[in-house]
Amino acid sequence: MPPNEQIYEHILPEAVEDPLKTLDIPGFDGYDEQYKDSEFNMSAEEYKEKVLSKPFLQRTDIKWGNLLFMVVMHAVALYGFLTYPYLEKKMTFVWGWFLAIVANFGVASGVHRLWSHRAFKAKLPFKIISIICYLTSGQYSAIWWSRDHRLHHKFSETDADPVNAARGFWFSHIGWLCMKRHPEVLKKAKQLDLSDIANDPVIKFEEKHFQVLRLMFTFIIPTLVPVYFWNESWYWAILSQCFMRYVYSLNCTWGINSLAHRFGGHPYDKNIEPSENFLMTLATGGEGWHNYHHAFPADYKASELGFNYITNVNLTTCLIDLAAKIGWAYDLKEPSEKLLKAVIKNRGDGSHPISHETVKTE
């Protein structure tokens, strides 16, 4: 049994019997329609030899349109960050910063902890707020995000991991969005039971109207607010919201896949790459405690200590706790103290204080 399986297997849906069965859920058809049947049926070794080992310009797995889009989008955003008149247009900059926090909350609390991991349950008002915040991030649909994330945990840093950090820093950060899915990702994706997400009324509505909702909450509303509320120019409104804020928000999420899988300590499990990364915790509102999260993915806090201004910045957990107090969030899952201590002592790298506690004997 793999090192982490006992800890997280209970929170991941079981696979369907037929490994090539396409589940009848929104968005599954065309998960990566650009694949040829011959590539889909390749073994991992064949794919590496016939596709991945080719010279860069001859690669058949690169999505050149996506790559060009990413380069242009980041170039425009960089130009914006270098030329933006921060002192003259403080309101527009603060508005963009606020929306980035909103988007990060939607990712962390909504598609990540609530829908992907089922780490807690939520009532309709909280779900609606979470999905609106998530749509502000401009990422792909919630069910696609959740499917990729469940794959990421179940097959972490293998060919079946969509953001496989073993393929390098840049692949796990942004390259995976500029390349076709590895055949193992496609095969394993068709084994996941996502019915719990697909049957959620909020997700059904989001899937049905996804393109319109994303356009509205990612670009239209963020641009119109500064133009019509404090007479911002269209030029700076578009540049700051559709490029600067959008690119910053995306890289916050992507940084968890790259930076938090490469830099940081391993107090909970030294046998895995995900790390405790304080920088990414600040950038994402609490998602950077990644070694803990991969050891205990069902914990609604995604960290050991919850929200503490000094020792453990976790804005998302703070907001979930507030929602729980008014009845909007409930059944908040956490590991037992016994399990936490056992994992730290048996798998941690020795940096956690609990690692040095003496075992009491009768």
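Guide: Start with two helices: H12 passes H13 in a right-handed crossing, meaning the near helix is turned clockwise from the far one by less than a right angle. Helices are DSSP runs of H or I with at least four residues, strands are E runs of at least two, and both are numbered from the N terminus. This is a predicted model: local features need pLDDT of at least 70, side-chain atom pairs count only at 80 or more, and totals for chains, interfaces and linings use all residues. Residues are numbered from 1 along each chain as its sequence is written, and side-chain values use heavy atoms, without hydrogens and water.

Visitor: What angle do H12 and H13 pack at?

Guide: About 140°, with the axes 9 Å apart. Axes are lines fitted to C-alpha atoms over the stretch in contact, and angles run from 0 to 180 degrees between N-to-C directions. H12 and H13 are therefore oblique: not under 35 degrees (roughly parallel), over 145 (roughly antiparallel) or 65 to 115 (roughly perpendicular).

Visitor: Which residues in H12 meet H13?

Guide: Among them are Phe219, Pro222 and Leu224, and the H13 side includes Trp234 and Ile238. Contact means heavy atoms within 4.5 Å.

Visitor: New topic. Is histidine 173 buried or exposed?

Guide: Buried, because its relative accessibility is 8%. The cut-offs are under 20% relative accessible area for buried and over 50% for exposed, with partly exposed in between (1.4 Å probe, protein chains only).

Visitor: Which helix holds histidine 173?

Guide: H8, residues 169–173. Beyond four places in sequence, histidine 173 touches Asn251, Trp254, Gly255 and Ser258.
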